[in-house]
Amino acid sequence: MTMASEFSRTLALLRRERGVSQRTAAGDLGVSQALLSHYENGIREPGLGFVIKVCDYYHVSADYLLGRTLDRE
């Protein structure tokens, strides 16, 4: 699995675990619902600023989000 596809899969998984809609998560993260959908489906790759926001929002490390470790810390 590529880092990009791992990111997309983990991004969607974290949102579902938290029990929030794409619309809610997108609003909280400061992006449109359409853009979040593209990130979750691997259509677009986010910039570093968005990755940092996601880490803070879901309380996970960037390494976890990018599929480099199974440790969420």
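**View 1. Surface and overall form of the predicted model.** The chain exposes about 4,400 Å², and carbon and sulfur atoms supply 50% of that area. The C-alpha trace spans about 30 × 25 × 20 Å along its principal axes.

View 2. Of the 73 residues, 41% count as buried. Among contacts with a separation of 6 or more, 55% are between residues 24 or more positions apart. The chain carries 9 positive and 9 negative side chains. The centres of these two sets lie 7 Å apart.

**View 3. Arg15 in helix H1.** Arg15 belongs to helix H1, which covers residues 3–18. Its relative accessible area is 11%; because this is under 20%, Arg15 counts as buried. Leaving aside residues up to four places away in sequence, Arg15 touches Val20, Ser21, Gln22, Ala25, Leu36, Glu40 and Tyr58. Arg15 and Tyr57 are 42 residues apart in sequence, while their C-alpha atoms are 9.8 Å apart in space.

**View 4. Gln22 in helix H2.** Gln22 lies in helix H2, which comprises residues 22–29. At 17% relative accessibility, Gln22 is also under the 20% limit and therefore counts as buried. A polar contact of 2.4 Å links the side chain of Gln22 to that of Gln33. With residues up to four places away in sequence not counted, Gln22 touches Arg15, Gln33, Leu36, Ser37 and Glu40. Leu36 and Glu40 are contacts of Gln22, and both are touched by Arg15 as well.

**View 5. Helix H3 and the residue that follows.** Helix H3 spans residues 33–40, and its buried residues are Leu35, Leu36, Ser37, Tyr39 and Glu40. An α-helix has 3.6 residues a turn, so residues three or four places apart point the same way. Just after H3, Gly42 takes a positive phi of about 75°.

How values were computed: Residues numbered from 1 in each chain as written. Predicted model: local features only at pLDDT ≥ 70, side-chain atom pairs only at ≥ 80, totals over all residues. Heavy atoms only, no water. Buried < 20%, exposed > 50% of the residue type's maximum accessible area, 1.4 Å probe, protein only. Helix = DSSP H or I, 4+ residues; strand = E, 2+ residues; numbered from the N terminus. Polar contact = N/O pair within 3.5 Å; in protein donor to acceptor, adjacent residues only side chain to side chain. Contact = heavy atoms within 4.5 Å. Areas by Shrake-Rupley, 256 points an atom, 1.4 Å probe, with all protein chains shown as cover. Lys, Arg positive; Asp, Glu negative; His and termini not counted. Charge placed at Lys NZ, Arg CZ, Asp CG, Glu CD.
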